[in-house]
Amino acid sequence: MESIKLDRIKVNNNRVEYFFTPSSKLQKYFKSNNHMFIEYDTCIDDIPKSILAIPFISLMLPIIWSTDSILWIEEVDRTFYDSIFNIKNAYQEMYPHFKLKGTVVPAKTIYNTYNIEREAIQLFSGGMDANCTFIRIKDKNPILVNIYGWFEDYISKNNVFEKDKEDISLFAKANNVESNFVASNFATFISNNFDKEFKRKIGRTLWFGFQHAMAFISIAIPLAYKYKVKNIYIASSNTLGYRTACASDPTTDIQFRYSNVGGTIHDGFELNRQDKTKIIVDYQKLIKNTYPLRVCSFNDRNCCECEKCFRTILGLVAEGSDLEEFDFYIEKDLKSHFKDIMDKKIHLLGLEKESEIYWDDIKYRMNENIDNIKEKEFVDWFLNYDFLGERKKAILKYRVKNFGPILKRKIIGSK
């Protein structure tokens, strides 16, 4: 039976490093140095290794389950160890067509606990979902935790992460709450060989299907232990109206438990995205101040050109809001701006999914709230423009024009 052994956990002030050895057949799923790190904003020397082991174990679980392997570890928090069974069952229900096997074997389990002193840690990106959750739980005085996992073996300057820190620090200060920033290589130390082998079998990539929520929650657990927090809050990405197999799901997130008293709350699943937009817009009107959002995941500002920006702008317009109050700045009128974008690159925008999941709620709200909408010409264009038809024509045109290079890429990719 194949295995992964966690050889050593090294802690130095605010940094924890994990050194591990996979058996020969599992080595292909990892970068060659077999090393993962997490760097916090605060000293973690006083946190037990049985707690610090949790993020590494969580990142290994999908690989262990998918390959029917053993994860050998020295010690782990007993509450979390017991929760692994429920986490696995929740994912098994999500992927009934693919049998999840494998197991975690610790040399010992440690019964950690603490007296609760804080109500909440909130995983906070600065986007729509996270801001809606913050407004809903702000009375709990949450510690905002932002986690960036796309570094390699060391931390180098990254404009997106630096901008995250700047914006979220200002937001936390304005709202009288604490913030904490975490840097890691959790999203890069696993190779793409796992997806090459298992994406088709499972139906999801490692990142989308398992990793992102498991990583974010588990990396926050040492902070929850340090600050004696009752619950980690993670904002919902999906909603009751649109359910899909995805790592960010209430049935899986709520199974993460630790230190006897710590839990996880998946917040806002009962709300669709337009409901969340209304909560944010209403709150901005209540405080009578700007409420900056940044929805571009890998940009240091709202580009106002991508699918995510377009979707968010549509929702804000439907609520009759002023876009600049939320940090969306567009020089031209909205109709001209987005018509130009669609004319130039609609073939690059995955609008099928956007229209299926979000647009019906947006259209309903636009019609319901039309008297309060300023951008009526833009709304009329949006409601009558044949996005999917124009996209099909643009894709065909692009393929005909670029037939040679596309064929060459397919031949090279198949080798």
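Guide: Helices are DSSP runs of H or I with at least four residues and strands are runs of E with at least two, numbered from the N terminus. This is a predicted model, in which local features need pLDDT of at least 70 and side-chain atom pairs count only at pLDDT 80 or more, while totals for chains, interfaces and linings use all residues. Residues are numbered from 1 along each chain as its sequence is written, and side-chain values use heavy atoms, with hydrogens and water left out.

Visitor: Where is Cys 304 placed, and what is its phi?

Guide: Most residues other than glycine have a negative phi. Cys 304, in the loop between α8 (273–287) and α9 (307–318), has a positive phi of about 60° although it is not a glycine.

Visitor: Is Cys 304 buried or exposed?

Guide: Buried means under 20% relative accessible area, exposed over 50%, and partly exposed in between, with a 1.4 Å probe and protein chains only. Cys 304 counts as buried because its relative accessibility is 2%. Asn 176, found in the loop between α4 (159–174) and β8 (179–184), also has a positive phi, near 55°, but counts as exposed at 67% relative accessibility.

Visitor: At what angle do α8 and α11 pack?

Guide: Axes are lines fitted to C-alpha atoms, for helices over the stretch in contact, and angles run from 0 to 180 degrees between N-to-C directions. Angles under 35 degrees count as roughly parallel, over 145 as roughly antiparallel, 65 to 115 as roughly perpendicular and the rest as oblique. Helix α11 (residues 351–368) packs with α8 at about 50°, their axes 8 Å apart, and the two are therefore oblique to each other.
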